[in-house]
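Please open the model in your viewer and keep the sequence beside it.

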Amino acid sequence: MTADDTKEFINFLGLDRAQLTALFLELGEKPYRAEQMMKWMHHRQVSDVDDMTDMSKKLRATLSEMGSVYEAPVEESFESVDGTRKWLIRAASGSLVETVFIPESSRGTLCVSSQVGCALDCSFCSTGKQGFNSNLTAGEIVGQVRMVNRLLADVYPERAQAVTNVVMMGMGEPLLNFDNVASAVDIMMDDLGYGISKRKVTISTAGVVPGIEKLIETTDCSLALSLHAPNDALRDELVPINRRYNIETLLDAARRYVGNLGDKRTITVEYTVIDKVNDQPEHAEELAILLKSLPCKINLIPFNPFPGSGYRRPASINIRRFQDRLVRAGHSVTVRTTRGEDIEAACGQLRGQVVDKTRRQEQYRMIASEAEA
Ligand code: SAH
């Protein structure tokens with residue numbers, strides 16, 4: 001066995017421009033090879049390295065020995081009465097994860113998964129109930145955009161690509177799979193990848209503060225915070241990671257992130273409204289004050305029920321009143337339309353099919369060691 005045999009088989013799909021350039025330099029090739037290969041993979045959707053005909057036969061043979069262009073296969077697909085589509089894809093770990101396409105008149109938003117399951121165990125989220133299994137690779141993450149663009153190309157012939165916006169709001173906590181998410185997001189925003197603007201690619205986090213700090217150094221994509229409560233006592237209950245990074249610490253990090261973006265950018269604050277839990281007038285008042293010093297837009301998400309959740313969605317009128325209170329206090333507030341409920345594609349309903357659910361403790365240890373670092 002030579003040293004080379006122990007090298008990992010590479011999925012070229014998940015290498016961002018810098019990583020792919022480094023790979024070609026290592027092979028003694030010119031950096032522009034990375035540009036050629038990215039165009040083949042992401043623009044022309046070519047998967048067989050042998051079809052990348054502007055590279056020499058010898059180089060193609062070398063690349064084929066090193067790795068391949070691998071997109072996770074679709075296991076099942078669903079279409080909602082409202083046009084929302086959901087695909088179950090099989091990750092390398094064997095588990096199924098979900099990706100959801102939400103069409104609107106002038107845009108198509110893809111809700112992308114970053115992990116198989118989730119370790120954070122937010123009390124109202126069905127993905128959390130699954131436990132954590134594994135991280136998706138960068139190729140499996142960006143592959144969701146590639147796949148949906150291809151599958152829906154005929155549905156949107158007038159658009160350059162079906163996916164105009166990406167939200168990292170599918171299964172998993174993106175900032176606990178930092179490196180893979182960072183590469184995938186880089187490819188989504190790169191002109192040689194999917195060329196989606198930084199304002200239209202959003203990472204959503206339940207509050208992994210060291211991840212936000214790292215993000216400041218890494219990217220300028222948009223950020224969404226899953227806040228869901230205006231005080232630590234309630235947030236500790238709904239979003240357990242709050243016990244490690246409380247609201248003040250989280251909002252400080254968010255302010256630094258948005259401050260670094262400049263350019264009149266804002267952060268999205270997500271607030272899942274749950275009947276009689278966090279939807280009372282005093283919650284709205286407290287939230288309004290809490291968010292005064294953060295340049296943000298508030299997005300209220302009506303709670304989406306799932307079996308055994310123990311929570312209910314508030315009546316529409318109560319969500320409206322909650323919104324009005326925030327608006328009167330000077331905030332910009334939208335209510336997220338519930339889409340794809342009939343195919344269980346709405347926020348917090350993504351369960352996939354997690355084969356091994358026993359790894360939550362393992363990821364908690366990771367969070368703990370990151371916090372100490
Ligand atoms: N882990 C990331 C991304 C995942 S979820 C995060 O927490 O931000 C995307 C959004 O849906 C989050 O704001 C999440 O809290 C919310 N959500 C989860 N379960 C929900 C449910 N049952 N109803 C409504 N929103 C939910």
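How many bridges join strand β3 to strand β4, and do the two run parallel or antiparallel? Select residues 74–79 for β3 and residues 85–90 for β4, and you have two antiparallel strands joined by 5 bridges. Strands here are DSSP runs of E with at least two residues, helices are DSSP runs of H or I with at least four residues, and both are numbered from the N terminus; two strands pair if DSSP finds at least two bridges between them.

Before going further, note that this is a predicted model, in which local features need pLDDT of at least 70, side-chain atom pairs count only at pLDDT 80 or more, and totals for chains, interfaces and linings use all residues. Residues are numbered from 1 along each chain as its sequence is written, and side-chain values use heavy atoms, with hydrogens and water left out.

**The hairpin of β3 and β4**

Within this pair, select glutamate 76 and then leucine 88, which is its bridge partner in β4. The hairpin has 5 residues between its strands, and in it glycine 83 takes a positive phi near 95°. Aspartate 82 also belongs to the loop between β3 and β4, and its relative accessible area of 31% makes it partly exposed; by the rule used here, buried means under 20% relative accessible area, exposed means over 50%, and partly exposed is in between, with a 1.4 Å probe and protein chains only. Leaving out residues up to four places away in sequence, aspartate 82 touches Thr338, Arg339 and Gly340, where a contact means heavy atoms within 4.5 Å. Glycine 172, by comparison, is 90 residues from aspartate 82 in sequence, and their C-alpha atoms are 25 Å apart.

**The whole chain**

Now zoom out to the protein chain, whose secondary structure comes to 12 helices and 14 strands. Its C-alpha atoms fill a box of roughly 70 × 50 × 45 Å along the principal axes. Of its 373 residues, 54% are buried, and among contacts with a separation of 6 or more, 68% are between residues 24 or more positions apart.

Which strands pair with β9 in the parallel sense? One is strand β6, residues 108–111, which runs parallel to β9 and is joined to it by 3 bridges; another is strand β10, residues 201–205, which pairs with β9 in the parallel sense over 3 bridges.

Move on to leucine 250 in helix α9, residues 247–261. Is this leucine buried or exposed? Leucine 250 is buried, with a relative accessible area of 1%. Not counting residues up to four places away in sequence, it touches Gly207, Val209, Ile212, Leu225, Leu227 and Arg235. Proline 240 lies 10 residues from leucine 250 in sequence, with 13 Å between their C-alpha atoms.

Then select leucine 291, in the loop between α10 and β13 (296–302), which counts as buried at 0% relative accessibility. With residues up to four places away in sequence again left out, leucine 291 touches Leu227, Leu251, Val269, Cys296, Ile298 and His331. From leucine 291 to asparagine 318 there are 27 residues along the chain, and their C-alpha atoms are separated by 21 Å.

**Two loop residues with positive phi**

For the last stops, select aspartate 121, in the loop between β7 (115–117) and α4 (126–129). Its phi is near 60°, a positive value in a residue other than glycine, and at 26% relative accessibility aspartate 121 counts as partly exposed. Finish at lysine 276, in the loop between β12 (267–273) and α10 (281–290); its phi is near 60°, a positive value in a residue other than glycine, and lysine 276 is exposed, with a relative accessible area of 60%.
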